[in-house]
Every structure is written in structure tokens, then in C-alpha cells.
Amino acid sequence: MTSNVNPTVRRRRLGQELRKLREDKGMTAEQVADRLLVSQSKISRLENGRRSISQRDVRDLCGVYEVEDQRIVDSLMQMAKDSRQQGWWHAFGDVPYSVYIGLETDAASLRVYDPQVVPGLLQTRQYAETLITGALPETAPTEIEKRVQVRMRRQERISAEENPLRLWTVMDEAALRRIVGGRSLMRDQLEHLVEQSRLPHVTVQVIPFDMGAHPGLNGQYAILEFPDAADSSVVYIEGVTSDLYLEKPNDVQKYSVMYEHLRAQALNVDQSRQFIAEIAKTYT
């Protein structure tokens, strides 16, 4: 796979184009499904980029939509071909949250709120391994190691010299107080967090306990934004058995507003860095 081809993002873009063709034709997903003798859910999954799409699918859909410009058909066919290539994460086998990794790999910026643990992109290897082991007690050591390797690979977006990921994270104080793997490990993790927060493209804020109730009490989420204006922002909510991806503008707006409230209620950047450093000193 070439470095400039991200199959996840290509599927999303292709799905958006196919949805636009359908809407321009004035057809519903159900009508298209009836014409092609497939399920309506298949059409929906193709359009939201959650399902791999073949060139045959594109050909059939373009036929239903009566696309006469062959250049458009050829372009969509090429996107379908690119979308079936493998991203770097496929080398690690079946990664449960591969859709999210594909989005994160191509994102320009990421806003994260985590009430329980240090966000994955800012974790040390030891913290990540201990955390994943504790969260998945019945998982084989080989699977744990694979997940750790994937997490470390994801962090290359933070350390990249060109176009690093712009990361803004807000954490609850609980993430700093929860002792994962012992006091020495926590000290190393928090010191690492302080150092990462000094990077110009990384912003870390903390909401202390004494702030009381705040908009993040409902749980963790992330907002991904992309360099291409054609790619809509995505809200990602991690689940135990399945994940949720919200792309409707109204949904993204609601979570964005909530994130602004979180940032406003959190300690500022300098105060947060000092706050983290002081807690790190207690882990002796």
C-alpha cells in the first residue's frame, strides 16, 4: 500500500459521492436496494463507509443512477480499488477498532476527553501494556502484545516531523489518580505526559475533582477532523462490543460545544502541567 492511500478514508469519500448521486437522482436507499436485489442495510453501509465496496458495486450503482460521464465512473472505480487496499494496521491481524485507526491515521486534528485513563496516544509502553492487560483479563498475551504494538505505532502521528497530528486532550483528575501498574510506573507515565504536553501540537488540560459536575461525566469520546474539507468530522465513542461513529453535522456540533465547555472548566495549559507534575511527585 502506498503511504498516501488510506482505505478507510477512501471508503468514506466514495460513500459520500455515491450518496450524493443517489440523492441527486431522487431515490431512497430502499429503492436502490430493490433495483439491485440487495438489502437496504448494504446500501447504507456502503454509503457510510463501514463496508468494503467493490468495483462491481460501483458499476452497478452508477448504472442505477444513470451516470453518463465516464470520467466520473472511472474516478469512482479507482476509489473503490484504492479502498480495498490494506492500511498499515492490517499487518497486525484483526484489530477490533480498525475503522477508528484508519480515521485517526488521516486526521489533521483530534480532540479527546477521557475521564478514566491517560489517552492512548500519550501512554508509555508499560502503562499501555498494564492497562490493556487489566481491561481484557481473558485475552491471550500474544493478543495483548499486538494491541500494545498497534498503540505504539499510532503514536507515530504525534512524533512525526511533518504534519503531526494536532492533539487536544482533556482528562479528569481520576485518570491521574488511578494507579495502573504501581507507583513507579505511574510516576513515569505522568512525567511522560508532562513532556508530551510541551510539544507545540499537543495540548493537555485537566479537570480537577473540586470542579464538581461537568459535561464530561457521560463518558469518553473523541472528535476527529480532517485536512480535506470534503471529509466530514467524526465523533467516536468506544464501546465494549461495538463502537459508535457520529457524522451528522448536528451530532458533531453538540459534542463540539460540549468539548468547549470541558476546556473552559478545565485548568489552563500551564496549570494543568503543574498539576500533573505535582501528582507525579506523590508516586515515590
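Of the contacts in the chain with a separation of 6 or more, 74% are between residues 24 or more positions apart. The model is predicted, and its chain has 284 residues, 47% of them buried. The secondary structure consists of 13 helices and six strands, and an open sheet of six strands shows mixed pairing.

**Sheet**
- The strand order across the open sheet is E3-E2-E1-E4-E5-E6.
- Strand E3 (202-207) and strand E6 (244-246) form the edges, each pairing on one side only.
- From one strand to the next, the twist averages 15 degrees.

**Pairing of E1 and E4**
- Strand E1 covers residues 109-114 and strand E4 covers residues 221-225.
- E1 and E4 run antiparallel and are joined by five bridges.
- Leu-110 has Leu-224 in E4 as its bridge partner.

**Dimensions and surface**
- Taken along the principal axes, the box filled by the C-alpha atoms of the chain is roughly 70 × 40 × 35 Å.
- The chain has an accessible surface of about 14600 Å².
- Carbon and sulfur atoms account for 48% of that accessible surface.

**Charges**
- The chain carries 37 positive and 40 negative charges.
- The mean position of the positive charges and that of the negative charges lie 2 Å apart.

Technical notes:
Residues are numbered from 1 along each chain as its sequence is written. This is a predicted model: local features need pLDDT of at least 70, side-chain atom pairs count only at pLDDT 80 or more; totals for chains, interfaces and linings use all residues. Side-chain values use heavy atoms; hydrogens and water are left out. Two strands pair if DSSP finds at least two bridges between them. Helices (H or I, at least four residues) and strands (E, at least two) are DSSP runs, numbered from the N terminus. Axes are lines fitted to C-alpha atoms, for helices over the stretch in contact, and angles run from 0 to 180 degrees between N-to-C directions. Buried means under 20% relative accessible area, exposed over 50%, partly exposed in between (1.4 Å probe, protein chains only). Contact means heavy atoms within 4.5 Å. Accessible areas come from the Shrake-Rupley method with a 1.4 Å probe; for residues, only the protein chains shown count as cover. Lys and Arg count as positive and Asp and Glu as negative; His and the chain ends are not counted. The place of a charge is taken as NZ of Lys, CZ of Arg, CG of Asp or CD of Glu.
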